[in-house]
Amino acid sequence: MYASIGGFRRPSTPRTSRLTVRLAVLASTVALSAAGLAVAATPSSAAVCNGYVGLTFDDGPTGSTSALLSVLRANGVRATMFNVGQNVQSNQSAARAQVDAGMWVANHSWNHAHMTSMSQSQMQSDLSQTNSAIQSATGVRPQLFRPPYGETNSTLQSVASSLGLRQVIWDVDSQDWNGASVSQIVSNAGRLQAGQVILMHDGIQNTRDAIPQIMANLTSRNLCPGMISPSTGRAVAPDGTPPPTTPPPTGTPTTPPPSGGCTATATTPNVWGDRYNTSVTVQGAGNWTVVVALTPPQRVSTTWNGSPSWDSTGYVMTMRSNGSGNTFGFTTMMNGNSSARPQIRSCTTG
């Protein structure tokens, strides 16, 4: 709407005065423009980043990709887009726009099928075709692969690896695909810790609406959006440099011994397609209690050389010595999350 002004005339201004006013306005405009440029030249990355998280969006490109990219750019976000091959083929300009907006593009299969029911040759064809479509549209060859539905097995991982793809699942599920509200998506994203990855989707309005609040929460915790390392599958700085606070992917946490306490060190000696073993060695005590935390939806299926108990969530295990020595172990089922590893929370005597 436009407003018209009528019924009166402004008093005329002498020519000299008008010139003075115009010069003053011009000077003010130049000063304000300079100030604006100075502000714009200050990078948002100047904020302290004590760790990085991977924001990921599956199933694109879609008809809403442009809207998603606008929100991401407005909030200073670089994210990883796990694209479906046939969507890329039918909407190459949207895929190219992702790269032009500073996003990373990755492989999410050709048509989002249940890949674990495929033969090895079918898997190979599916991922190769998707790689080719993405590279043709964007000029970028994917280095990451996310299996549809998080369903994977050793054959699929082997095929992906043979094509130079690192499999990436997720640590946190936003539940946007399940009709989660904006506040629920924001709350779920609030669980992200340094190095972790969250699952979100292209084409969902609530997800786009949640991004400003997600970023505000991350900023308040000195966490920044980063890239996903092709070597570890964990979130690192956009230039690929891992921050000191990034949890190691293979799980080697050590708890410092308190006064009169003990130290527990975890390693992951065996990893299979759907599970892995963790071995924990305790030093400084013969009678010990170690608390270990899992990342959902992983679950422990078997333990040895200790007496375990669990909290109400089923994700925090307290292991007590049972006279079998100072090394205990357990097998963890990945349940779709292949990147997370257990973290030692404490080691105490008695």
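**View 1. An open, antiparallel sheet of four strands in the order E15-E16-E13-E18**. In this predicted model, the four strands pair in the antiparallel sense and the sheet they form is open. Its edges are strand E15, residues 307–310, and strand E18, residues 343–349, each of which pairs on one side only. From one strand to the next, the twist averages 20°.

**View 2. The hairpin of E15 and E16, with glycine 314**. Five residues lie between the two strands of this hairpin, in which glycine 314 takes a positive phi near 85°.

**View 3. The packing of helix H2 against helix H8**. Helix H2, residues 65–74, and helix H8, residues 205–220, pack with their axes 10 Å apart and at an angle of about 5°. Because angles under 35 degrees count as roughly parallel, H2 and H8 are therefore described as roughly parallel to each other.

**View 4. The residues that meet between H2 and H8**. From H2, the residues Ala67, Leu68, Val71 and Leu72 meet Arg208, Ile211 and Pro212 of H8. When the residues are sorted by class, the contact of H2 with H8 comprises six nonpolar residues and one charged residue, with no polar residues.

Notes: Residues are numbered from 1 along each chain as its sequence is written. This is a predicted model: local features need pLDDT of at least 70, side-chain atom pairs count only at pLDDT 80 or more; totals for chains, interfaces and linings use all residues. Side-chain values use heavy atoms; hydrogens and water are left out. Two strands pair if DSSP finds at least two bridges between them. Axes are lines fitted to C-alpha atoms, for helices over the stretch in contact, and angles run from 0 to 180 degrees between N-to-C directions. Angles under 35 degrees count as roughly parallel, over 145 as roughly antiparallel, 65 to 115 as roughly perpendicular and the rest as oblique. Contact means heavy atoms within 4.5 Å. Ala, Val, Leu, Ile, Met, Phe, Trp, Tyr, Cys and Pro count as nonpolar, Asp, Glu, Lys and Arg as charged, and the others, Gly among them, as polar.
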